[in-house]
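Trainee: I have a new model open on my screen and I'd like to learn how to read it. Could you walk me through it, feature by feature?

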Amino acid sequence: MRLDPLRGAALALATALFLAGVAPAQSTDSINDYDPGSVLVFPIYISDFTNGYASVVSTTNTNGDRRVVLPGSPSGLRGDVLVHYFWIDGTGTWDIFDEQALLTPNDTRGILSFDSLNGTGNQDFEQGFLVAVAVDPETTESIDFDYLIGDIVLVDVTGNRTWNLPAIGIQSTTDENGNVTERSTRQHAFTDRASNGGDGAGDLDFDGIEYRRWPNFLFISSLFRQDNGVNGTNNDGEVILLTDLGRDFIVNLNMLFYDRDESESSRTGTFTCWTRADLATLAAVTTTPAYDPAGWAVINSRDAVNPLTGQVVADPGLLGALVQRVIGQVGLEFGHLLHHSGLNPRNASMDLDF
Amino acid sequence: MRMLTKFWATLLLALLVTERSAPAQPNYLEPGSLLVYPLVDSRMGVGRGTVISVTNTNGNRVIDPVTGYRRGTTQVRFYYVTLSGTGWYLTDIPELLTPRDILTVLAGDHNPQTEIGWMFLFAEDPETEELIDFDYLVGDAVLVDVDDNRSVHMPAMGFRSLTEEQVPGPQRSNLGYAFVDRVINGGNANGSADFNGTEYQNWPDRLFLSSFFELANLQANTADLILLTSMGADFRVGLRFLIYDNEEDQFSRSFDFICWTRVPLQNISAVVRNLGGSSRPGTPPEEQQTGWMRINGGVAINPLTNRTVQDPPVVGAVVQTVVAAPRGFEFGHLLHKTGSNGFSHNLPSTTITSNWP
């Protein structure tokens, strides 16, 4: 059968439009760390005041909409947001402590981690990571509110060192995907509702439908030789990693380390929930002279295993940061978020018990 | 009929091209073809220094029979930029990065011009020295002040080339990478790296300083904003600040600079000396006295030609110091951002000595 060129083109177009219409709308963009987001991930906090460690967490609402919500609705401003903080303990219990704070339009909130955690009797929460989620002040449901930015300052008073990290901004994709039928009274789309394309499971799904997807590969763009006392200095560093899978799974990592001559060393590793792994222990090759002045590394998650049930999950989500110290005549500490690329083949999901 | 067929074909092509297009908005932490380092100090002997790293994440080790290079090889050209007097000065240094290679340099050794300013580098074909779409570069810089026991670590801002995503079957180098600036590939052949959403991703539209501490004690705490533009020394770049204290009170302020600046926040606005906060009744006691800022491009003007540019492109970072005697703590990070700046602008890519016989 010969197909008329015009009809053929029209058929192809119709097919394309049909597919675009029936397929679930899904963003193919990865997280954009430095852009405002609806979820902020602070890859590390330290709150061990006894030993001189503290963190200052800042969260800012860049939405400046001061219009009152519609008459008849509860009082408040359109740009108000309730930020639900989830402090995840990284010292082995993986417990979660949560709290909420209302940020009015253009509001910023700076808190000492000690005041939130230890001051309320949560003595176990000496270190770990923090997730801040934008939720509707009335229903406390998660919303598409890509206006949050944040950062954290980590202070070691005893060692006279400090460093800081921006929070990783994760954007909601509910509004962009165009499936929104239900909004809050402040006109922000509910991310988890099935009517808006969400799965209604009460968790955070980084699937390109509720939120942007997590990356596939992480890069340590440079790491100094971990020389542990050689040449009168004591350079050491830690890679900080967290997964979406929580405490039930052991995550298996594949890592490739490259020295200054591009020689490659492979290494596997495991962690649960969150880790602050010493680089020299993780890969002893980083202590060799070939890493002077620097090398670099690629990190990819292979799978995760639940040791109790035997369940295996491929491609667990990973986010991370790096901190390094150079301790010679002086002590210096510095760090940054890890670079990343690609989209994780699996949709990460965090069940934080809203 | 023929016209209609052409219409549908064009529409289909547009749909396909749209599907292939990459976001024009940069994601600083993804590998790029062009990296921007907002603060580089090449001055030596004063207890300061900057360790710059650039890494080629491309692992293609296949040897190209024509060039003899491994396919994943690229040349990166460092451009150190500083402002002095009425001009901006550039020093360019090419370096070869083989597959999976990392190059770490001390800025003062690499560029012995004893300058402070910023730096950018981009991927170019090692044969022709033309710009190429090579989204495999990541980098960072550690700034050290040994005398004061301070250090700051910042990733470089990665900007992706969009040639590969937007042009079907682009003209490529012998090593297989699309030429960015060639007309046939959608470039404008001006010898520069254009941030126009075609050659490279646009710069961001707005910047945010997510938080800063109150600077009440002028002898102790400091916070410096680092701002830079691609518009060189020909333009005075005007910016509009909106500053918010701990009570969400809004203060506006204008500020202008040329090329690059490191400016204390107090010099932008005295508001930063008193942010309200916990001294006010009803404020929770755990609240720290912090504020934040929005930074929008205003108007840039060339004082010689009177040419004006609306919404000039700017990127930046912050470095803060909190002094709790006898200690001083220093930390910093890139500024948050949002949106895409619509103004097409560029950075030079032609080697400064290219016309030398």
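**Strands, sheets and domains**

Mentor: Let's start with one pair of strands. In chain A, strand β2 (residues 53–61) and strand β7 (residues 148–156) pair antiparallel over nine bridges. Keep in mind that this is a predicted model.

Trainee: Which residue stands opposite A:Ala54 in β7(A)?

Mentor: That's A:Val155.

Trainee: What sheet do those two strands belong to, and in what order do the strands run?

Mentor: β2 and β7 of chain A sit in an open sheet of four strands, ordered β5-β2-β7-β8, with antiparallel pairing. At the edges you find β5 (108–112) and β8 of chain A, each pairing on one side only. From one strand to the next, the twist averages 15 degrees.

Trainee: How many strands are in the other open sheet of chain A, the one that holds β4 and β9?

Mentor: Five, in the order β4-β3-β6-β1-β9, and again the pairing is antiparallel.

Trainee: Why is one side of β4 and of β9 of chain A left without a neighbour in the sheet?

Mentor: β4 (96–103) and β9 (168–170) of chain A are at the edges and have a single partner strand each, so one side of each has no neighbour in the sheet. Neighbouring strands here are turned against each other by 20 degrees on average, ignoring direction.

Trainee: How many bridges hold β3 and β4 of chain A together?

Mentor: Strand β3 (residues 81–89) of chain A and β4(A) pair over eight bridges, in the antiparallel sense. To find the pairing on screen, look for A:Trp87, whose bridge partner in β4(A) is A:Phe97.

Trainee: And how should I picture the side chains along a strand?

Mentor: In a regular strand, side chains alternate between the two faces of the sheet.

Trainee: Let's zoom out. How many helices and strands does chain A have?

Mentor: Chain A has four helices and 21 strands. Of its 354 residues, 52% count as buried. For that count, a residue is buried if 20 or more other C-beta atoms lie within 10 Å of its own.

Trainee: What do the contacts say about how far apart in sequence the touching residues are?

Mentor: Take the contacts in chain A between residues at least 6 apart in sequence: 71% of them join residues at least 24 apart.

Trainee: Where are the domains of chain A?

Mentor: The domain assignment gives domain 1 as 39–206 and domain 2 as 217–350. Their C-alpha centres lie 26 Å apart. At the contact, 23 residues of domain 1 of chain A meet 22 residues of domain 2 of chain A.

Trainee: Which strands supply the domain 1 side of that contact in chain A?

Mentor: β1 (39–46), β6 (127–135), β8 (161–166) and β10 (204–206) of chain A each supply at least two residues. The largest share, five residues, comes from β8(A). By class, this side of domain 1 of chain A has 13 nonpolar, six polar and four charged residues.

Trainee: Now chain B. What are its domains?

Mentor: For chain B the assignment gives domain 1 (23–195) and domain 2 (206–278 + 286–343). Taken over C-alpha atoms, the centres of these two domains are 26 Å apart. The contact takes 21 residues from domain 1 of chain B and 20 residues from domain 2 of chain B. On the domain 1 side, the largest share, five residues, comes from β8(B). That side divides into 14 nonpolar, five polar and two charged residues.

Trainee: Which strands pair with β13 of chain B?

Mentor: Strand β13 (residues 236–244) of chain B is joined by eight bridges to strand β16 (residues 290–301) of chain B, running antiparallel. There, B:Arg240 has B:Asn296 in β16(B) as its bridge partner. Another eight bridges join β13(B) to strand β14 (residues 250–257) of chain B, also antiparallel. In that pairing B:Phe241 stands opposite B:Arg253 in β14(B). The hairpin of β13(B) and β14(B) has five residues between the strands, and B:Glu248 takes a positive phi near 60 degrees in it.

Trainee: Last one: how many residues of chains A and B are in contact with each other?

Mentor: 61 residues of chain A contact 57 residues of chain B. The chain A side consists of 28 nonpolar, 22 polar and eleven charged residues.

Conventions. Residues are numbered from 1 along each chain as its sequence is written. Chains are lettered from A and ligands numbered from 1 in the order in which they are written. This is a predicted model: local features need pLDDT of at least 70, side-chain atom pairs count only at pLDDT 80 or more; totals for chains, interfaces and linings use all residues. Two residues are in contact if their C-beta atoms, placed from the backbone, lie within 7 Å. Ala, Val, Leu, Ile, Met, Phe, Trp, Tyr, Cys and Pro count as nonpolar, Asp, Glu, Lys and Arg as charged, and the others, Gly among them, as polar. Domain bounds come from an automatic or database domain assignment. Two strands pair if DSSP finds at least two bridges between them. Axes are lines fitted to C-alpha atoms, for helices over the stretch in contact, and angles run from 0 to 180 degrees between N-to-C directions. A residue is buried if 20 or more other C-beta atoms lie within 10 Å of its own, exposed if 12 or fewer, and partly exposed in between; C-beta atoms are placed from the backbone.
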